[in-house]
Every structure is written in C-alpha cells, then in structure tokens.
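Please look over the sequence and the structure below before reading on. The paragraphs that follow go from a sheet to the chains and then to a single residue.

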Amino acid sequence: MSKILVKAEQVSVKFGGLWAVKKVDVDVKAGEILGIIGPNGAGKSTLLNVLTGLQRPSAGQIQIDNGYVSKKDAWQMVKMGIGRSFQTIRLLNELTVIENLLIGGHLYTKRGLLDVLGRTVRWRKTEQQITNKAMELLQLLGIGHKAQEEISALSLEERRRVEIARALMTRPKVLLLDEPGAGFSPQESDQLCELILSIRNRGISVVLVEHNMKVIMSLADRIIVLDHGQKIADGTPKEISEDELVIRAYLGGEDHA
Amino acid sequence: MNKWRLKTVGMCGTAILVLSLLNACAPPKGADQASSSKSSGSKEEIKIGFVSQLSGGGALYGKQMENGAKLAVDEINKKGGILGKKIKLIIQDDQANPSESVKVTQRLVTEDRINAWIGTLKSSDTLTDIGITSKQDIPSFVPVAVANSITESDYTNVYRNVANNSMQAKMFVDYILKKQPHKKLAIIAENTDYGRGLSEDFKSFFEKGGGEIVNVEYYNVGQKEFNDQLTKIKGEKPDGIVISGLVAEGALVLKQAQDLGMKTQWYSFGGFSGAAPIKLAGKAADGMIHTEYFTPIKGDKKIETFVNAYKTKFGDKPDAYYSAATYDAVNLYAEGVKKAKTLDNKKVNDALHSISNYQGVMGSISFQEDGQATTKVWMAQIKDGAQTVIFRPE
Amino acid sequence: MVEFAQTLVNGLVLGALYSLVALGLTLIYGVMGLANFAQGEFAMIGGFSAFFLVQEGVSYPLAVVIGFAVAGIIGLLVHLLAFYPLRQSNHINMMLSSLGVSLFLVNLAQYLFSPNPQVVKSPLSGESFNLGGIFISQQRVLIVVISFILCLATFLLLKHTKFGRSVQAASLDPDTATLYGVPTKRISFMTFILGVALTGIAGALLAPVYNVYPTMGISLTLKAFVVVVLGGMGNVSGAIAGGVIVGLIESFAGGYISTGFQDAIVFTVLFVVLILKPQGILTKVQGEKV
C-alpha cells in the first residue's frame, strides 16, 4: 500500500442551515490521481477549500503527514505541501508571469537584507535557482515564451497553465486542480491530460475536480462522487461507472431524492 | 478595484481636510479641575468668579493666574476681608475653549451670582465672556489677555491692568528707536489675529518713528520649519528681527536662524516673557530683547514681598506676569469695594474708574474711561542664559 | 543665487524627512489598505523616547536606535488592539480607528508628559556647515543621510528579499497571496511595525531641530498624506520621490511666492493632482505598486 498523504475524516461544512459538505472521508495516497466528481452544487469546491485551509471545517479533522491541520491557514497548508489551482483563476494580475512564480518560489529560500546589500554569493545562487526552476516549470507547461508578459495580457487557457506552474513552484506533495480544463478545446484537453500525467510522474499526487468525464475516466486511479455534500461512491473508474447511486444522481436522480 | 482605490483617495482627501480643521483648533483637554465649591447662598461673602485654562496646553499659565488670585484672596481674608465680608474665589476651567468659557461664565453669573469676574488666558475667550458679565454690570478684570479690542467694546465694567498690544508695540518701538542702534528691521509673525495685529502696530509705529521694516514673513501656529522665512529675511540683511508670536514657535525660529548662520539682534514681545525662551532656545536666545510686564526682580520691596509670599504658599517662584497681574486684579477690586463702601455693581464700577496711581506689584495703575490701565511695559534682555531687566518704567 | 541655493537645500532637507515618514505610511497603506492617521504620532513617540533617554544620559545615537525600537513595540500593541480586531472590517472603519488612535496617543502624551515642548540635545545641535554662504545644520545633514540610507534599505528590502516579494504579493491581493505561501497576516503585522518604526526614527532625528511635544505628529501626518497621495497610494518609489517634490514645492512657494500661503500652495498642488491624476503622479499604469 502506498502512503496516505492527506486524510480527511468526517469533514463537514455548514453554511447557515445548509450542509455544503457532510461527513466526508477523503484519503489522498502518494502518487495517485484522485478524481472528484458530482453534479453542480455537490460541494466539490467547498471540499477543496477545506483541504487547502481556505475554509475551516464545521466538524471533522484533516491530517497531513499524520499531523492534524484543521485549523491551519491557507499559507501554512501551502507550506505543508498542498498546491492548488482554482476554477476562477487567482493570480496576481498586475505582475508578470515570472514574477508570479518567483513569489511562490521564495517559500523555501532564506534571504536577509544583509545578503541583498552585500550581493553575496548565496543571494545570486538562490535567485538563480528559483528563476531556473520557474523557467523549467513554464517550459513544462508550454508557456516559457510568455515569461515576461503580464498576467492580464494572457488568454484564459494560458492563465490556467500559469496557475498550475505557480502551484508547482511551491513544491507541493499534493496538487489540487479545480476544473483545470474548463473552456478548453478537445486538443487543449488532450495536452492537459498529458500534463497531469507528467506531474504525477514527478511523484506529485493530483486531486482533480473535472466535469469532462472523458478526461477524468482516462486519468483517475480512483474517483470520489459527491452529491448534496455527501460522498455517495468511492472506487476505480470502472466501479464508479457501474454504480447505481452514481447513475441515478447523474441522470436526474435529484427528482426522486 | 481601481474604482475602490479612487474612492479611498477621495476619502483620504476628506479626512485630510477634517484633520486640518482639528489641527487648527485647540486639542481636546483633560478633566475639569475647577474647584466645585458652589455657592452656599451666604450673604456674608463676596464672590469672585475666576475663569482660565487649567487643563491642556496653557494650563501652566492658567495655574499661575489661579495662584495669584488665591494669594490675594487669602491675604485679604486674613486681614478680615472687605467691609467685614470674606472673599470667596470660585474657580472654573475653560480649557481655552470659547464655548466652554462662555458656559462656565454664564454659570458663575446666574447660579453663583458672583460680585466680580476675573479671566482669562486667551483674548478671544475673554471677549465673549465679558459680553455676559457686562449685561449685569459685574466688575470684570482682565489681567492677562492683551488684544486691543477687549477694552474697545464700550463696556463700562471691564478693567485691564496690563498694557494692551498697541501700547506694548508703541513703547517697544519708542525704546528701540531711542536706545538701540537698529533702524532696519524685519518681522516674522504668527499668522493669527495676535501675531498680525502686533506686527501691524509695530510696523506702523516704527515707520512713523523713522525706522524701516524691510519685510514681514508669516508662519502658522504649530509650524516647525522656519528656514524658508529665515532665508528670505536673511537676503534682506536687516539690522534686527522682530518675532511677533509666542515662544513655542519663536524658540525654533531662534534655533534655526542660528543654524543658518544668522547673527542679528532679536526682538520680541510678551510672548517671550518668563523662563521658557531660555529653556527652549538655549544659547540661540542669548541677546534677545523683549517686552515684559513683570519679573520677580530683587530690590523692589513690593515685588519681593509678593514673590516671597508666593514662594511660601506655592513652593515656586512666579514666572512672568500671570500671577502678579491676577494678584493685582483681585486687590484692585478690593480697593474699588472699599472706596464704594458697598457691593452694588454700579457704585463699585464708579469707584474703580476713579482709582488713580494705585501701587500694585506690577507698578502704578490708573484706569482710563474705557477700563484700560495706563500702565507701562518693561524691557528685558536674555544674557548668558538668564533674563535681566534692562528698562523699567518709573 | 545664494538665496536660491539655500532655498533648494532647505527643500531637499525637508523632502528627505517627508520621504521617510511617507514611506512608512505608504507601506502600511499598501499591505493593510489602512490610511493610518496615527502615523505622525509615532514620530512623537520616537521623539519623546529620544528625549527621555538623552535626559537619562543615554548617548543620542543610541537614543535614536532605541526610538526606532520603541515606536515599533508600541506599533505592535496598537496593531493588536486597534487594527487586528478590525481586519475583516472595511477600510473606512480601520481609518476611523486610526483617527481614534491618533487622538488617544496625543492625549495620553499630554497627560503623561505635559503639553509643553521639550528640548532634545544632540551632539550636533547648534553646529552648521557653511558652503559658500549656504548654511546647513549638521543635524539636518544627519537627517538627510539617515533618511537616504533607510529609504534605500527599505527599497532594496522590498525589491530583493523574500519579505519584499511577500509584501508585494500581499499588497496586490492579500487573499490570493496566501495561495503563494505568503503569511499575509504576519506580513501585515511586520509591515505595520516597520512602517511606524521608520516614522519613529524620523521623530527621534527631528527632535533636536523641532523640539518634541504631544501634538507634533499631526502636521507631519498631514504632510505625509499629501506626499503619499501625490506619489500614488501604496507606491514606495512614489513616496520617496513625492517627499522630495513636496519639500521643494513648500520651500520654493515660501521663498518666492509667500510664506503666509505656503501650506495653501502645497494643498492646491495636491487638489490639482487629485483632479487630473487621482492615482498619483508617479503611478504609470494602474496597480504598479510597491
């Protein structure tokens, strides 16, 4: 059995009287691609928010590397190895692509003012290292030529790539992607699949929320299905595609519920 | 996002305006320290209402006024009072705030039914307060505030036992033209009624007397930077410079002028009285000549007696004229009552107008018809870190 | 000619001082969105701590350094009590809170230290350089030198360090910055402390020239706001350049137009800028900050 990196137990989020997420268990294992699917409003994004520290759970616990982290802030979760992209892209639009990545890259550097004033060897070395790392990631994502452009000058698809690169820059162990393929052409979707696989090949676990069934069925090792905030199924793509509850949820089962 | 930023910028603009207004006003003051010894309704007492700033910025001076009044009242009461009645001093803090000043004066007049009123530290507060006391013809004494307008309002119940701005400027000009070699002066003035009024009086008297004012520069209350004004004045090469303002800013003017390498004769007015200029400007104040109303000098029996009594009672030597002038004011009222042999306001006012050559701590006092005393100012010079009197009127 | 040169020097010295105070103000605005009306009061705190330390026999240079620390520590307390609880609230509440802090600190100082001005002695007091008729006091030279060093150090700190990049990210979008691993709350704390401590050191430096008294900060806050609005809210190089510009405008307005309308002229320039270029004269495109 591969190691469990993230373990969420009985996680619930309540907005007013409404359960956005209700008693959900999620395990993310090392090196796997975990798909999360469900109809609109099933609680997928809220679950991702809980896993990245943007939303405090009303109940339940989250463990990363066997430590409880339910009360950590978003930046601490980033530091613990949880990277994320958003359905609605969140980048610092006023900066260039490379500047966006450099901010993320500083998470692991230690540099004081004295280093800068003295222009020490260490300063040059780390600056060079994170710049190299950023360029390498941009090449990987196929946007190396856009490094000096401002985010606001990029297309939607390019911004999604930058966001993934930004997340990778913080050296995540687990990368959460929230509908990375939304609005992509079939050809772009294929490129995305290759990209996700290459990320996994670097030893990073991927949690993928995606509407495109073709993408998710071909990529995911395991799939969790949410409906009305609750987990209704958990298994391999094959098991899921044959699951009674899932089929009912997706084929207008809400009418009978 | 951008729109929000613009809104913030607009907001800041508004807030800056508000803050400028706050800045222009006196800062809010602390708690009311006035003794609340309210009227007991006894007919055996003469009640003197005292109003001045006893908390906040000018409290230091208001407190000295209060001490002067207390000392005079105690001495009179020890001798059995006036007409067999003891004096009761009712003290009120006006925080140097005109609306507060009117409020406490109104209370003194209607609730405490005072027989006489003494106040305040600021000319503007005094002006509004005497408007109230004059309605009932209550004898009102102004020992400290020096704006000309106070005794120009046709009130028959207002007395000032200290020289006003105009008299001060006139006597200063006469002194400079007669005793000093400087005929070409520049003025740096506080941009207020006080500073502008004094500087205009000085300029007109000085020019009439044959002197020349090469330029007049202004600064705001609370200003800290005077290099621009001083650089301009320096370019005019005057023989001396007159500071028409108070010591808080004036001390910085002196220091910054010294830093600019300016060696010149400095002149100023009553705002520089007392020990504050030496403390605040240090060596930069050396040589300055300024008008003075009173200094606790040795060799004058009347002054020595007052200074010793003050020291015994309050532990400190009186600084400048605040306590002496208020001390004289209380005694002047007592003199008026003694002469009138009654507490009737009208009769006391008549008696006060007829006072001539009363010998107070500050010198000889006679009230003119408008209530302004024909008193003279002294001249003092700061030498080696101490104030010395260089001219004292007969 | 000498008069012109002297006016220029006066303006530059004043500008250096304004830059230092405005730098703190703009940093805090950038990261916290807080228009801090209590900024000048930290100069008062720096000034008073220098006063008491020098009185106790501490050497002036050390007193300046401690003034920096004292302003920082009081800044931490103020942040905890007056601003941190309002972090979820809107920016107008924060601004009002800062006005309250300003009044509170002024009144507290009046209560504790009396409203009277106090003299701080520096070893440089009363000494001037004479450069062919142009005089500049040594204390003012010190103000210029230290202000220049601190502005440069802050600028480099922001441009070239992890802290600087974090501040940049947090000032652009505090929520998004957390996704880059930026501890926004901690950065906001550190920026506030740095911002007020810079102003504290300004207060300790100007104390020997201007004396110290409880209300000394109010006019300083006002000038710093003019500088910051002129240079672009949250724009660091704008604050530094803006300080020098305002210093020169003030000096030349006093020297060549009228000393009675010096402030009026500075504010007129401000309002013209607000009308023509509300994002500040030194902000090229929207959002070029920190």
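In what order do the four strands of the open sheet in chain A lie? The order is β2-β1-β4-β5 (chain A), and the pairing is antiparallel. At the edges stand β2 (18-29) and β5 (67-68) of chain A; each has a single partner strand, so one side of each is left without a neighbour in the sheet. Strands here are DSSP runs of E with at least two residues, helices are runs of H or I with at least four, and both are numbered from the N terminus. Two strands pair if DSSP finds at least two bridges between them. Strand β4 (residues 59-64) of chain A is joined to β5(A) by two bridges, and these strands run antiparallel. Across from Q63(A) stands Y68(A) in β5(A).

This is a predicted model, in which local features need pLDDT of at least 70 and side-chain atom pairs count only at pLDDT 80 or more, while totals for chains, interfaces and linings use all residues. Residues are numbered from 1 along each chain as its sequence is written, and chains are lettered from A and ligands numbered from 1 in the order in which they are written.

Two pairs of chains are in contact, and chains B and C share the most contacts. A contact requires the C-beta atoms of two residues, placed from the backbone, to lie within 7 Å. Chains A and B do not touch, and their nearest C-alpha atoms are 12 Å apart.

In chain C, L14(C) belongs to helix α1 (residues 2-32). L14(C) is buried, because 25 other C-beta atoms lie within 10 Å; the cut-offs, with C-beta atoms placed from the backbone, are 20 or more within 10 Å for buried, 12 or fewer for exposed, and partly exposed in between. Leaving aside neighbours within four places in sequence, L14(C) is in contact with E225(B), G247(C), E250(C) and S251(C). L14(C) and S251(C) are 237 residues apart along the chain, yet 8.2 Å separates their C-alpha atoms.
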